[in-house]
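Subject: Structure handover

Hi there,

Here is the structure I promised to pass on. Have a look at it first, and my notes follow below.

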Amino acid sequence: MYAYGGAFSDAEVRAWLERQFERYRDPGYGLHAIIRNCDGMMVGQCGLTVQRWKDSDVLEAGYMLFFSEWHKGYATEAVKGCISYAYDTLGADEVSAIIRDTNLPSMNVAVRCGMEKRESAVKHYRGSDMLHYRFSCIRE
């Protein structure tokens, strides 16, 4: 949770869960558990959400894994699946990943999934200004 500036409080967790349930209702997609095939353990989450970026909304493939599961290919596999779903099922032309400037592992996942760094912006979150990059891939 370092990209978010620390762990969520109980109230923030409840609010986050409510946002996810609302996303499942409308627009009908959101974040889902990443389950390891070999033992059925949850190792993280990934999915498509609509996120505000500057003055418009973008379709984002968001992902977060337990630290112990980094560098095993799970995020790359999950994000590639999200991109395929966005193109093939949702008819999207572009999928983004909004990544904090200090999160090199997530930037590497985005690049492995065919995304390029497009632009930057400072987001104010939990009392701090944080530089973020928007990576994206565009359907050919």
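Where does His 71 have its place? His 71 is in the loop between E3 and H2 (helices are DSSP runs of H or I with at least four residues, strands are runs of E with at least two, and both are numbered from the N terminus).

Before the rest, two notes on the source. This is a predicted model, in which local features need pLDDT of at least 70 and side-chain atom pairs count only at pLDDT 80 or more, while totals for chains, interfaces and linings use all residues. Residues are numbered from 1 along each chain as its sequence is written, and side-chain values use heavy atoms, with hydrogens and water left out.

**Backbone**

His 71 is not a glycine, yet its phi is positive, near 65 degrees. With a relative accessible area of 73%, His 71 is exposed (exposed is over 50%, buried under 20%, partly exposed in between, using a 1.4 Å probe and protein chains only). Lys 54, also not a glycine, has a positive phi of about 55 degrees; Lys 54 is in the loop between E2 and E3 and is partly exposed at 46%. You will also find a cis peptide bond between Asp 26 and Pro 27, with omega about 25 degrees. Pro 27 sits in the loop between helix H1 (10-25) and E1.

**Helix H3**

Four residues of H3 (104-112) are buried: Ser 106, Met 107, Val 109 and Ala 110. Seen down the helix axis, the buried residues of H3 fall within an arc of 155 degrees, so they line one face of the helix (the arc is that of the directions from the axis to the C-beta atoms). These buried residues pack against E3 (56-65), H2, E4 (94-100) and E6 (128-138), where contact means heavy atoms within 4.5 Å. Gly 114, with a positive phi near 90 degrees, follows H3.

**Cysteines**

A disulfide is a pair of cysteine sulfur atoms within 2.5 Å, and by this rule the count is zero. Cys 46 is in no disulfide, and the nearest cysteine sulfur, that of Cys 82, is 3.6 Å away. Cys 46 is buried, with a relative accessible area of 6%. The sulfur of Cys 137 is 7.8 Å from the closest cysteine sulfur, in Cys 113, too far for a bond. Cys 137 is buried, with a relative accessible area of 6%.

Best wishes
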